[in-house]
Amino acid sequence: MDPALAIAQYRRAYAILIDDAPGMWMYELPSVAGMTQNLHPAPLRADLWFAHLADWTVGDGPAPKGASATLAAGTH
């Protein structure tokens with residue numbers, strides 16, 4: 001939750017990789033997830049998709065327009 005601390009930890013992690021690793025990945029494929037239209041998720045966090053899992057609901061049909069995302073895609 002602290003942006004300055006997150007940046008410092010990110011830089012430290014990469015410094016360890018550079019100093020230690022004989023090789024490393026060059027890219028990561030994007031994450032893609034899909035779900036049935038009658039599953040209505042709560043807002044999704046990029047770092048912890050299951051954070052609000054208890055707030056998800058199952059309905060009889062599609063969620064109202066703009067109420068929830070049915071497809072999430074991104075890179076980490």
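Tyr-10 counts as exposed because its relative accessibility is 55%; exposed means over 50% relative accessible area, buried under 20% and partly exposed in between, with a 1.4 Å probe and protein chains only. Tyr-14, at 33%, counts as partly exposed. The model is predicted, so local features need pLDDT of at least 70 and side-chain atom pairs count only at pLDDT 80 or more, while totals for chains, interfaces and linings use all residues. Residues are numbered from 1 along each chain as its sequence is written, and side-chain values use heavy atoms, leaving out hydrogens and water.

Both tyrosines, Tyr-10 and Tyr-14, belong to helix 1 (residues 3-20), where they are four residues apart, about one turn of the helix. Helices are DSSP runs of H or I with at least four residues, strands are runs of E with at least two, and numbering starts from the N terminus.

A pair of aromatic rings is described by the distance of the centres and the angle of the planes. Rings of Phe, Tyr and Trp (its six-membered ring) pair if their centres lie within 6.5 Å; planes under 30 degrees apart count as stacked, over 60 as edge-to-face and the rest as tilted. The count by this rule is one aromatic pair. Tyr-10 and Tyr-14 form a tilted pair, with 4.9 Å centre to centre and 45° between the planes.

Arg-45 sits in the loop between strand 2 (39-40) and strand 3 (57-58). With 32% relative accessibility, Arg-45 counts as partly exposed. Apart from neighbours within four places in sequence, Arg-45 is in contact (heavy atoms within 4.5 Å) with Ala-51 and His-52.
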